[in-house]
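Let's take a friendly walk through this protein chain, from its overall build to one of its helices. Please have a look at the model before reading on.

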Amino acid sequence: MEAKLKELKTLLIEIDDLKSAASLLHWDQATYMPSGGGSARSRQLATLERLAHEKFIDPAFGKILEDLRSYEESLPYDSDDASLLRVTRRKYEKAVKVPAAFMAQLYRHTASSYEVWTKARPANDFALVEPILEKTLDLSRQLADFFPGYKNIADPLIDYSDYGMKASTVLELFDKLREQLIPMVQRITSQSLADDSCLHKTFSEEKQKAFGLEVIQCFGFDFKRGRQDKTHHPFMTKFSLGDVRITTRYKENDLSEGLFSTMHESGHALYELGIPMDFEGLPLADGTSAGVHESQSRLWENLVGRSRSFWNFFYPKLQKTFSDQLGSVSLDTFYRAINKVERSLIRTDADEVTYNLHVMLRFNFELDLLEGRLPVRDLAEAWRERYKTDIGIAPPDDRDGILQDVHWFAGTIGGSFQGYTLGNILSVQFFESALNAHPEIPKEVEKGEFGTLHSWLKENIYQYGSKFTASELVERATGGPLSIDPYIRYLKKKYGELYKL
Ligand code: ZN
């Protein structure tokens, strides 16, 4: 059995090598690659992904997994080996349903659509991406159809990012959340808005970068095992457990853009950096789901980074960095500015109260597109309409409308967005559990110390990688299933202090 297990791990690591090489090519495409590299890069990515997929679905690989079945059954459920075999089998059984040639076609298409999106967005040119989106929709449907027997066509796609979740569960959860959020948004936006002009002076990019890096170093980001670069749409990626990259973008006239996206992506990175080295190259060496991953980024970005405790410590430092711009701005004004609630156009910049409304309408669009209720040609117009009815503001152009998010131009339609709201909900649930175990955390944050919080996250979340499913992990870490209650409680308390609720 030991020899078989070794053989399995060797194959898995080879597959991971191919995937990591693809991730590196993708990172390069999104950061430094000159635009001339675009078409060859799409092909290169597709080749690597196809090779990795072929290797994984090879019947010889399946045979080894089968031979190890009785060994797996003899082990405790939560042992590393049993978890490795369980998670690998789950992924294998899914992967064998999809032919390698299809995966190659999908990857080639998504890599080239990303290239077109980077041109279409600044040019505000939806027509340029329309035929591409048609094809993405077609490929997304084809992918789902490799898993017949689904209740909703989005289910197999959601399963890739948030294993165990179904469209119906997500819709039900979103309905409950919407019921709470809509009146909250109405009450807040009927009051006079916070003044956030202090964030919109001119802030040099270089200083923004230095400040952001200092903050995430305090969080525990290890620069010997990671780095930060600039991109169009911030993301985190990993080439190995010793090399986790984050990306960001800065706006000289908006201090929050670079600062909070840096904290956000560092939260994703801390998760990956906290996975044990023993899992290197194996399917256990990833965050367990999109929702849990997002809970980690939102926890550092919002529950820490937008809290008063955090700024009690960091605001004097920020004032020193930007003395001309913030020297005469009080901490209270700054705190209100970074937590200003408003009806806005851009999801990634949205405040904590309205954020989920942006996600919900995207999720609904995914279902409408997949189920054929909404043709792609009507999408840009439908987007403007939905923003008007749901958020109360319509984008003046497609650049800040349908073209704002990279997801549908770099992956499938379906399964791309629910993780953001699941992550918001879970971020508070995890944070509450950490506070119950260590009520001293806010006092430490106030001193710029994050060790206790970071250790709790490592111990209860990071160290398991993908060993447990999202629902198993939530149960273990918080003692109960996913619930919106802590999240609503948190919003009511925090925004009840800032606004009349
Ligand atoms: Zn994120």
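A contact here means heavy atoms within 4.5 Å. With that cut-off, residues 24 or more positions apart account for 74% of the contacts with a separation of 6 or more in the protein chain. Please keep in mind that this is a predicted model.

## Overall build

The protein chain is built with 22 helices and 3 strands. Its radius of gyration is 22 Å, close to the 23 Å that the globule rule gives for 501 residues, so the chain is as compact as a globular protein of that length. Along the principal axes, the C-alpha atoms fill a box of roughly 70 × 50 × 45 Å.

## Burial, surface and charge

How much of the protein chain is buried? Of its 501 residues, 58% are buried. The chain exposes about 20,300 Å², and carbon and sulfur atoms supply 51% of that area.

As for charge, the protein chain carries 63 positive and 74 negative side chains. The centres of these two sets lie 1 Å apart.

## A look at helix α16

Helix α16 covers residues 355-370. At 1.5 Å a residue, its 16 residues should span 22 Å, and the end C-alpha atoms are 23 Å apart, which agrees.

Is α16 mostly covered or mostly open? The helix is mostly covered, with 16 of its 16 residues buried. Just after α16 comes Gly-372, which takes a positive phi of about 80°.

Key:
Residues numbered from 1 in each chain as written. Heavy atoms only, no water. Helix = DSSP H or I, 4+ residues; strand = E, 2+ residues; numbered from the N terminus. Rg over C-alpha atoms; globule rule 2.2 N^0.38 Å. Buried < 20%, exposed > 50% of the residue type's maximum accessible area, 1.4 Å probe, protein only. Areas by Shrake-Rupley, 256 points an atom, 1.4 Å probe, with all protein chains shown as cover. Lys, Arg positive; Asp, Glu negative; His and termini not counted. Charge placed at Lys NZ, Arg CZ, Asp CG, Glu CD. Expected span 1.5 Å × (residues − 1).
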